[in-house]
Amino acid sequence: MFNEISVVFGRQMRQLVRNPVWVFFGLTQPILYLVLFGPLLKNLRGGGLGGDASWSVFVPGLLLQLAIFTGGFAGFGIIQELREGVVDRQRVTPAHRSSLIIGRTLTNVVTIGVQASILVLVAVPFGLRPSWGGAFASVALVCLLALGLASASYAMGLILKDEDSFAPFVQGVTLPLLLLSGVLLPMALAPRWLRWLSQANPLSYLVDAARALFAGDFGDRDVWLGIAVTAALSVFLTWWGSRTFRRTSA
Amino acid sequence: MIHARGLTRAFRTKAGPVTAVAGIDLDVAPGEIVGLLGPNGAGKTTTLRMLTTLLPLTAGTATVAGADLRTAPREVRRRIGYVAQIGAAPAPGTRLGEELIAQARLQGLSKADAAARLAELAPRLDLAGLEQRALSELSGGQRRRFDVALGLMHRPQLVFLDEPTTGLDPQSRANLWQHIRSLRDEHGATVVLTTHYLDEADALADRILVMDHGKIVADDTPDALKRRVSGDVITVRVKGGLAESEQAARGAVDVRDVHHHEDTLLITVDDGDTALAPLLRALDAAGVGLMAVSVSRPTLDDVFLTLTGRSLREDDVA
């Protein structure tokens, strides 16, 4: 199974390395937010905002946005592969169905890892002064989430089978999840009903954990809760993705 | 090599359930080349996708290459090769040699075996020297031979080909036919292929299964099928004397049917090649002035029309 994963991963990585433009394409939106929206937060007060500390609140949100964008749209790739016949051709081999999907999601994890690191470094000249250990742990946590998100996205790609229904679906799911996790502004500023909704969103816990990590509060309850929720979500989505890969008759 | 009973596949659609394959029985002996022939939507591809484990059966049982399709799909996959219908344009960043090796490794070959197999197979399919070529830069014929190679890397004993030559120019088609024949003749593989071209089934298959509306409506050798279905047509243009010509023709050979059309006589016989000489001698003896003679074999349209009462063309438009 390890061999199978590495064969699929190697195949996808070769394609990515030969067309690295996608890595940068995924970065444009978070970087625009960083440059054109982030500076506004310096002059706000409340919810941990204010001055350069704002960056340690805002950048973790952007990391989540990045993971959701790149991971969520991973399924676009598999729709093309369905049309090309690559998915069928791999499914008639004795390889494990889970290898076929994990090999692919690992490519997305690498992409998001690279993008997240670039994003953190770009924020430094604007005034980001994170706990570096915490920033590193946050990038790792976002990669873990990306593993599950990409699996789910591939599964949805296989189910929907065409870009015209896939794009609105991903947009429709990710935008509320993104807003409800307090990526732009902390949920501490929210009215009570909005805060409740946010608590029902598993991604909120990741943002809270990453903010605590950026601030260097490794022992914070948010950190462990965020890691646990993200790991559980990722395991569940990967399982669901593999199961769909096995069952869907494309 | 294949024993299938009551193979059925139903799909749910918005308009209600659709039975794509309606309980077919199928037997293929080792070393046979079998052609599944039929119009679009007849259930050929669905049948192939069930036999290759890509689609679960709605009902029925099948043993493929010695393994049970329902209980041991992985074992089936290990033993079969599958060449799908031609797909969309390949993504950039994929290269022929790498793709074949990746496929072989998923089929269970080691790195070294996969490389050795590539070196052996590429020249056989006229792909030698193209290993570094991007898939997006292959010609139609090269792309199809690459597709065939994908299905052969692990030396399967049973190979399924779904419309192997659709969209190819005549030269590439003939070339690919040769490669498909060599699968059996030189490597002892059993081959099952789908096609909607009669000439393709005729050129390749030992046996043709004609499918329509999810059922097998005929199962025979290509020659027997064509003879049984409509016979050959000998077209004779004469200088007057159509009635005498018809009489002479009926006296000379075993005629199934005769039609007149202006100065032309259309004579349907079982085997045009053997009927031609006695027919011409008789017409000559009757003093009929011959202007032109031709023999035509039945087309898929003729075969189909006789078997199903519908023309294949109408079906393609629908």
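In the predicted model, strand β6 of chain B (residues 80-83) is joined by 4 bridges to strand β7 of chain B, and these two strands run parallel. Within this pairing, Gly81(B) is the residue that stands opposite Val159(B) of β7(B). Strand β7(B) also pairs with strand β8 of chain B (residues 190-195), again in the parallel sense and over 5 bridges, and here Phe160(B) is placed opposite Val192(B) of β8(B). Strands of a sheet pair through backbone hydrogen bonds, and the pairing may be either parallel or antiparallel.

An antiparallel arrangement is found elsewhere in chain B, where an open sheet of 4 strands has the order β2-β1-β4-β5. The edge strands of this sheet are β2(B), covering residues 16-28, and β5(B), covering residues 67-68, each of which pairs on one side only. Strand β4(B), which comprises residues 59-64, is joined to β5(B) by 2 bridges, and the two strands run antiparallel; in this pairing, Thr63(B) has Asp68(B) of β5(B) as its bridge partner.

Among the helices of chain B, the axes of α9 (residues 242-252) and α10 (residues 272-285) come within 9 Å of one another and cross at roughly 140 degrees, which means that α9(B) is oblique to α10(B). The crossing in which α9(B) passes α10(B) is right-handed. On the side of α9(B), the contact is made by Ser245(B), Ala248(B), Ala249(B), Gly251(B) and Ala252(B), while α10(B) contributes Pro278(B), Leu279(B), Ala282(B) and Leu283(B). By residue class, this contact between α9(B) and α10(B) consists of 7 nonpolar and 2 polar residues, with no charged residue.

Between the chains, 21 residues of chain A are in contact with 25 residues of chain B. On the side of chain A that touches chain B, at least two residues are supplied by each of the helices α1 (2-18), α4 (75-84) and α5 (86-91) of chain A, and α1(A) gives the most, with 7 residues. The residues on this side of chain A divide into 4 nonpolar, 8 polar and 9 charged.

Methods: Residues numbered from 1 in each chain as written. Chains lettered and ligands numbered in written order. Predicted model: local features only at pLDDT ≥ 70, side-chain atom pairs only at ≥ 80, totals over all residues. Axes fitted to C-alpha atoms, helices over the stretch in contact; angles between N-to-C directions. Parallel < 35°, antiparallel > 145°, perpendicular 65-115°, else oblique. Left-handed = near helix turned anticlockwise from the far one by under 90°. Contact = placed C-beta atoms within 7 Å. Nonpolar A, V, L, I, M, F, W, Y, C, P; charged D, E, K, R; others polar. Pairing = 2+ DSSP bridges.
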